[in-house]
Amino acid sequence: MKKVLTESDIEALLAQGKGADSIPAGTILTPTAKDRLKQAGGSAKPRSIASKSSAAPAGNVTMTDHELFGVPVVPDYEFKWTPGKDPQSRDEIRAFYFSPEITAIRQRMADMGKRMWDREYTDGNGGNLTVRVGDNLALCTPTLICKGFMKADDMALIDLDGNQIAGRLKRTSEAMTHLAIMKRQPKAKACCHAHPPHATAYAVAKVQPPTCLIPEAEVFLGQIGVAEYRTPGSPENAEEVGTVAIDHMSVLMINHGVITWGKDIEDAYWKMENTESYCKTVWVASMLGKKLDPIKASEAKTLIELRKSLGMDDKREGWKECELCDNSDFRPGFFTDRDGGACEIACGCNGDSKSGASIADAEELVKTITAEIQSQLGR
């Protein structure tokens, strides 16, 4: 079992006058531990992998020859537990909670919280994170704590019914919504909930983001789902969001915020960044005076196949091409009609007498008002 060093472990090493050269090969460093080593500068002595030539690059060398020159790998943070082996006794739970693997996950959750707070996805004590770590076990963030200042030891260990098994701080009240997703969607091993401004604006306006506009969003997000409003933390909210999340890795919760899921907490958090960035981009694009034309449906099918190759399902897999990129329900705030050069405002009436006054009617009204103003000025 590989040893995991956290930021506090690095602090202890540095306090003893030790550096990177004292860290055994193969040791896993958490992201904050690596950052602390970099900050230490001269305090952390480089460990050469070839020779101690003066021409060797400066810095903290912590990789083995195998890691540096071996077959490149793709980072994978998914926790794979052994079915039927959840800890039961207090001693087993303690050993499990402080094991290197679970400690690394708890630290990563604290890191994700900091990233959420830094990007202003949360305010006050908003937002929460969960990671499934067993048949009936999950780690979750505590209630009433700013996500930007959490520590690894703040995380609570709970079962999938929300009962707290271990942890000095009380679990978040919204954990039940996360657990509802995990129970319904086996691929959901981690969830991230936050209130990123642009994506939450869509949720408040009850607008489902359009599809087929940016390839990366199609591949890494798919269609963004929408869950009706239910009281946060309530069983009804867990039921509503849990059902929608079966087919959507990102869900807008009406009048509330956003929840995303993935195979690990890094993946779930990335989905949050993807969602916020996509909503912001679409919002800006819709203000530029042009109609938002989607990519071709045939190309959209190719992107869905790419999603599948990355292990992500897509409920649109069997849809007809005419259904794939149908954004007819999406109404940009303003765009120019390319054919007639007329402006269409957010109501989407576009001259429809059933929806409101036509452009001709509007021009006639402007004439009448102008004539009245001139008449008043003449007096």
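**Entry 1: salt bridges**

I count a salt bridge when a side-chain nitrogen of Lys or Arg lies within 4 Å of a carboxyl oxygen of Asp or Glu. With that rule in hand, I went through this predicted model and came to 19 salt bridges. My reason for looking is a simple one: side chains of opposite charge can pair when their charged atoms come close.

I started with arginine 106, which forms a salt bridge with aspartate 153, and I noted 2.8 Å between the closest N and O atoms. The two sit in distant parts of the chain, 47 residues apart: arginine 106 belongs to helix α5, while aspartate 153 is in the loop between β4 (138–140) and β5 (156–158). I then looked up how open each one is. Arginine 106 counts as buried, at 1% relative accessibility, and aspartate 153 is partly exposed, with a relative accessible area of 39%.

Next I turned to arginine 115, whose side chain meets that of glutamate 266 in a salt bridge, 3.2 Å from N to O. This pair, too, links distant parts of the chain, with arginine 115 in helix α5 and glutamate 266 in helix α10 (residues 265–286), 151 residues apart. Here arginine 115 is partly exposed, at a relative accessible area of 29%, and glutamate 266 is buried, at 7%.

I found aspartate 154 buried, with a relative accessible area of 5%, and arginine 168 exposed, with 59%.

I also traced a network: Asp76, Glu78, Lys80, Lys189, Lys263 and Asp264 are joined into one by salt bridges that share partners.

Which side chain of opposite charge is nearest to aspartate 111? I found arginine 108, 5.9 Å away. Setting aside neighbours within four places in sequence, I noted contacts from aspartate 111 to Pro31 and Thr32.

**Entry 2: strand β10**

How many of the six residues of strand β10 (residues 257–262) are buried? I checked them and got six of six, so the strand is largely enclosed by the rest of the structure. I also sorted the residues of β10 by direction: Gly257, Ile259 and Trp261 point one way, Val258, Thr260 and Gly262 point the other way, and all are buried.

Then I looked up the partners of β10. Strand β7 (residues 190–194) runs antiparallel to β10, and five bridges join the two. Within that pairing, I picked out cysteine 191, whose bridge partner in β10 is tryptophan 261. Strand β9 (residues 250–253) is antiparallel to β10 as well, joined to it by four bridges. There I noted valine 251, with isoleucine 259 as its bridge partner in β10.

My last stop was the hairpin of β9 and β10, which has three residues between the strands. In this hairpin asparagine 255 takes a positive phi near 55°.

Conventions
Residues numbered from 1 in each chain as written. Predicted model: local features only at pLDDT ≥ 70, side-chain atom pairs only at ≥ 80, totals over all residues. Heavy atoms only, no water. Buried < 20%, exposed > 50% of the residue type's maximum accessible area, 1.4 Å probe, protein only. Lys, Arg positive; Asp, Glu negative; His and termini not counted. Contact = heavy atoms within 4.5 Å. Pairing = 2+ DSSP bridges.
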